[in-house]
Amino acid sequence: MVHGTVQGVFFRASCQQEAAKHGVAGWVANRPDGAVEATFEGEDVAVEALIEWSRQGPPRAEVDAVEVSEEEPEGLRGFDVR
């Protein structure tokens, strides 16, 4: 979960590009409360890279906080923008 100015700043599209760059599967979506929620699956180092990228996001984003929680992998393929 990413909080701050993260909607309307190409966060989801940029996240999808970063995921493709690192070979990470999952999805990213805007939430009604203004946050962005994402799920990442892949190699540990690649997922960590996406989490670190999320702490700053694309140039127009202003990230205030990132909440990270671990879940069991679902076997996702590809990376969707929802």
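User: Which residues does Gly78 touch, not counting residues up to four places away in sequence?
Analyst: This is a predicted model, where local features need pLDDT of at least 70, side-chain atom pairs count only at pLDDT 80 or more, and totals for chains, interfaces and linings use all residues. Residues are numbered from 1 along each chain as its sequence is written, and side-chain values use heavy atoms, with hydrogens and water left out. Contact means heavy atoms within 4.5 Å. By that rule, and beyond four places in sequence, Gly78 touches Val24, Ala25 and Gly26.

User: Where is Gly78 placed, between which strands?
Analyst: Helices (H or I, at least four residues) and strands (E, at least two) are DSSP runs, numbered from the N terminus. Gly78 sits in a loop, between strand E4 (62–66) and strand E5 (79–81).

User: Is Gly78 buried, partly exposed or exposed?
Analyst: Buried means under 20% relative accessible area, exposed over 50%, and partly exposed in between (1.4 Å probe, protein chains only). Gly78 has a relative accessible area of 44%, so the class is partly exposed.

User: How far apart are the C-alpha atoms of Ala20 and Gly78?
Analyst: Ala20 is in helix H1. Its relative accessibility is 63%, so Ala20 counts as exposed. Along the chain, Ala20 and Gly78 are 58 residues apart, yet their C-alpha atoms are separated by 8.2 Å.

User: Which residues does UniProt list for "active site"?
Analyst: UniProt positions are given in the numbering used here, feature names are shortened, and annotations may be inferred rather than shown by experiment. The record, an unreviewed entry, gives "active site" as Arg12 and Asn30.

User: Why do they gather at one spot?
Analyst: They span 19 residues in sequence. Still, they gather at one spot, because no two of their C-alpha atoms are more than 7.9 Å apart.

User: Which residues does Arg12 touch, not counting residues up to four places away in sequence?
Analyst: Arg12 is in helix H1. At 26% relative accessibility, Arg12 counts as partly exposed. Outside four places in sequence, the residues that Arg12 touches are Val28, Ala29, Asn30, Val81 and Arg82.

User: Leaving aside neighbours within four places in sequence, which residues is Asn30 in contact with?
Analyst: Asn30 lies in strand E2 (residues 25–30). Its relative accessible area is 31%, so Asn30 is partly exposed. With neighbours within four places in sequence set aside, Asn30 is in contact with Gln7, Arg12, Ala35, Val36 and Arg82.

User: Which residues of the largest nonpolar core touch the most other members?
Analyst: A nonpolar core is a set of buried Ala, Val, Leu, Ile, Met, Phe, Trp, Tyr and Cys residues joined through side-chain atoms within 4.5 Å. In soluble globular proteins, nonpolar side chains tend to be buried together. The largest core here has 18 residues, and those touching the most other members are Phe11, Cys15 and Phe40.

User: Is Glu18 buried or exposed?
Analyst: Glu18 is in helix H1. Beyond four places in sequence, Glu18 touches Leu50 and Trp53. Its relative accessible area is 16%, so Glu18 is buried.

User: How much space lies in the largest pocket?
Analyst: On a 1 Å grid over the protein atoms alone, a pocket is an open set of points where a 1.4 Å probe fits, with protein on both sides within 12 Å along at least five of seven lines; lining residues have an atom within 4 Å of a point. Grid points are joined across faces, edges and corners, and a volume is the space filled by probe spheres set on the points. For the largest pocket, that space is about 750 Å³.

User: Which residues of the lining lie nearest the centre of the largest pocket?
Analyst: The largest share of the lining, 6 residues, comes from E3. Of the 24 lining residues, those nearest the centre are Phe40, Val47, Ser69, Glu70 and Glu71.

User: What is the phi of Phe10?
Analyst: Most residues other than glycine have a negative phi. Phe10 is in the loop between strand E1 (2–5) and H1. Its phi is positive, near 65°.
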